[in-house]
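Subject: Structure handover

Hello,

Here is the structure for you to look over. My notes follow below it.

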Amino acid sequence: GNGVHNVSLFVKDAAGNVSAANTKQITVTPPKPTVVFKVTQRTVTSSTTVPISITTTDPSGTGIKGYFLSSTDVSGTLTAATAGWKLVTTTFTIPTGDGLKTIYVWVKDGNNSVSTAASVQVRLDTTIPVATLTVTGSPGASPVVTVSGTDTSGSGIKAYAITLTNTQPDKDDTLAWYATATDASNALSLA
């Protein structure tokens with residue numbers, strides 16, 4: 001088992017004489033489990049509930065006995081006895097407020113060995129971008145239509161849609177949205 005043990009060695013000669021014990025103290029420390037962690041959808045989200053995927057290895061062979069997730073790095077204080085370990089986890093709730101969020105995860109095995117932390121960053125973006133549509137020239141003489149969009153939250157404008165009504169297309173309708181590139185300030189400009 002794990003922990004501190006006394007190990008004694010005895011030897012016997014050809015005549016059958018047995019030596020006295022030579023005893024030493026050793027500490028048995030099994031290898032720690034490891035964890036690989038990723039967000040299963042995208043690293044930019046408008047939801048505070050983030051789907052995750054965790055892959056582990058358990059070199060001790062005792063089995064993974066818990067997962068610990070946090071939005072702060074608690075490596076210095078986390079133990080196998082810390083409250084909050086879960087048996088299964090597929091989502092994590094990140095703190096509110098737009099910006100980059102870091103999610104940390106640890107695993108523990110049947111020896112109560114705790115892995116080092118793995119982490120991933122997710123950008124929370126709940127700010128609605130601003131669309132600007134400008135028409136210049138006369139409507140009957142081939143007007144020039146300019147579209148632009150601005151995103152102040154940092155995730156960037158990734159697509160645009162132009163409709164003949166003011167009905168917003170479904171955000172997952174791939175036929176309605178056109179992919180585009182943005183500049184470093186996340187501004188979209190098409191002319």
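Is Ser 70 buried or exposed? Ser 70 is buried because its relative accessible area is 11%. The cut-offs are under 20% for buried, over 50% for exposed, and partly exposed in between (1.4 Å probe, protein chains only).

Some ground rules. This is a predicted model, where local features need pLDDT of at least 70, side-chain atom pairs count only at pLDDT 80 or more, and totals for chains, interfaces and linings use all residues. Residues are numbered from 1 along each chain as its sequence is written, and side-chain values use heavy atoms, with hydrogens and water left out.

Back to Ser 70. It lies in strand S6. Strands are DSSP runs (E, at least two residues), numbered from the N terminus. A polar atom of the Ser 70 side chain lies 2.8 Å from the backbone oxygen of Thr 72.

Next, the aromatics. Searching the whole structure gives three aromatic pairs. Rings of Phe, Tyr and Trp (its six-membered ring) pair if their centres lie within 6.5 Å; planes under 30 degrees apart are stacked, over 60 edge-to-face, and the rest tilted. Phe 68 and Trp 106 pair edge-to-face, at 5.9 Å centre to centre and 65° between the planes. This pair links distant parts of the chain: Phe 68 sits in strand S6 (residues 64–70) and Trp 106 in strand S8 (residues 99–109), 38 residues apart. Tyr 104 and Trp 106 are stacked, with 6.2 Å between centres and 25° between planes. Phe 68 counts as buried because its relative accessibility is 10%. Trp 106 is buried too, at 2%. Tyr 104 is also buried. One aromatic cluster takes in Phe 68, Trp 85, Tyr 104 and Trp 106.

Then the sheet. Four strands form an open sheet in the order S4-S9-S8-S6, with mixed pairing. Its edge strands are S4 (44–45) and S6, each pairing on one side only. Two strands pair if DSSP finds at least two bridges between them. S4 and S9 (residues 118–124) run parallel and are joined by two bridges. Val 44 has Arg 123 as its bridge partner in S9.

Last, the surface. Val 7, Ile 26 and Val 28 make a nonpolar patch of about 200 Å². Patch residues have over 30% relative accessible area and no salt bridge; nonpolar side chains are joined within 5 Å, like charges within 9 Å. A salt bridge is a side-chain nitrogen of Lys or Arg within 4 Å of a carboxyl oxygen of Asp or Glu. Val 7 is in strand S1 (residues 3–9). Val 7 counts as partly exposed because its relative accessibility is 40%.

Best wishes

How values were computed: Accessible areas come from the Shrake-Rupley method with a 1.4 Å probe; for residues, only the protein chains shown count as cover. A polar contact is a pair of N or O atoms within 3.5 Å; within protein, one must be able to donate a hydrogen and the other to accept it, and residues adjacent in sequence count only if both atoms are side-chain atoms.
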